[in-house]
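Please consider the following briefing alongside the sequence and the coordinates.

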Amino acid sequence: MKTDTITNVCEDEVYASIFSTHSKTVFNYIYYKFGNEEKAYDAVQEAFIKLWENCSKVSPDKAKSFVYTVANNLYLNVIKAEKVRLKHRAQTQNTEYESPEFIMEQQEFKEKLDKALQDLPENQRTTFLLNRIDGKKYAEIAEMEGVSVKAIEKRMHLALKTLREQIDGI
């Protein structure tokens with residue numbers, strides 16, 4: 001006799017529920033690490049494809065952790081492969097029809113902010129953006145990152161201290 005209470009990730013409804021519940025936060029998590037929307041989107045899609053391919057091996061209560069781990073591993077693989085190429089990639093600039101002063105101020109602000117965020121260590125940048133942009137609590141971030149809440153508090157403290165020092169003129 002089969003019970004209806006046992007759910008399986010291979011069931012369409014269960015998989016769809018996991019996707020709808022976690023895909024946006026996994027995307028944001030990976031996007032903050034990559035700093036690139038397209039690459040983050042690809043990593044999230046691939047992570048959920050791997051979940052589907054392994055649906056019989058992953059229980060629904062472990063699916064969130066599985067997807068975060070796969071997406072993070074994909075991120076690490078891409079970063080490793082692109083390290084040299086990213087160093088030499090030319091920046092493209094869009095031409096806009098604004099006053100030269102406005103464009104210059106906007107560009108200076110963006111450069112200061114981008115540089116300050118890029119200069120943060122990856123773990124501090126991710127923690128900062130998940131907390132300040134996504135509104136994630138320290139405990140949620142700690143679970144995503146697989147570290148203690150104290151570690152997240154320390155990362156946030158160091159990130160804020162560094163940003164205050166670097167963005168003083170903004």
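Which residues does Gln-124 touch, not counting residues up to four places away in sequence? Gln-124 touches Arg-155, Leu-158, Ala-159 and Thr-162, where contact means heavy atoms within 4.5 Å. This is a predicted model, in which local features need pLDDT of at least 70 and side-chain atom pairs count only at pLDDT 80 or more, while totals for chains, interfaces and linings use all residues. Residues are numbered from 1 along each chain as its sequence is written, and side-chain values use heavy atoms, with hydrogens and water left out.

**Setting of Gln-124**
- Gln-124 lies in helix α5, which spans residues 122-132; helices (H or I, at least four residues) are DSSP runs numbered from the N terminus.
- With a relative accessible area of 10%, Gln-124 is buried; the term buried means under 20% relative accessible area, exposed means over 50%, and partly exposed lies in between (1.4 Å probe, protein chains only).

**Packing of α1 and α5**
- The axes of α1 and α5 are 9 Å apart, and the two helices pack at an angle of about 135°; axes are lines fitted to C-alpha atoms, for helices over the stretch in contact, and angles run from 0 to 180 degrees between N-to-C directions.
- The two helices, α1 and α5, are therefore oblique to each other; angles under 35 degrees count as roughly parallel, over 145 as roughly antiparallel, 65 to 115 as roughly perpendicular and the rest as oblique.
- On the α1 side, Tyr-29, Tyr-32 and Lys-33 meet Glu-122, Arg-125, Thr-126, Leu-129 and Leu-130 of α5.

**Disulfide**
- The sulfur atoms of Cys-10 and Cys-55 are 1.8 Å apart and form a disulfide, defined as a pair of cysteine sulfur atoms within 2.5 Å.
- This rule gives a count of one disulfide.
- The pair links distant parts of the chain, 45 residues apart: Cys-10 is in the segment before α1 (12-34), and Cys-55 is in the loop between α2 (37-53) and α3 (63-88).
- The link of Cys-10 and Cys-55 is right-handed, with 90° about the S-S bond.
- Cys-10 is partly exposed at a relative accessible area of 27%, whereas Cys-55 counts as buried at 9% relative accessibility.

**Helix α6**
- The buried residues of helix α6 (residues 138-145) are Ile-141, Ala-142, Met-144 and Glu-145.
- These residues cover an arc of only 160° around the axis, which puts them on the same side of α6; the arc is that of the directions from the helix axis to the C-beta atoms.
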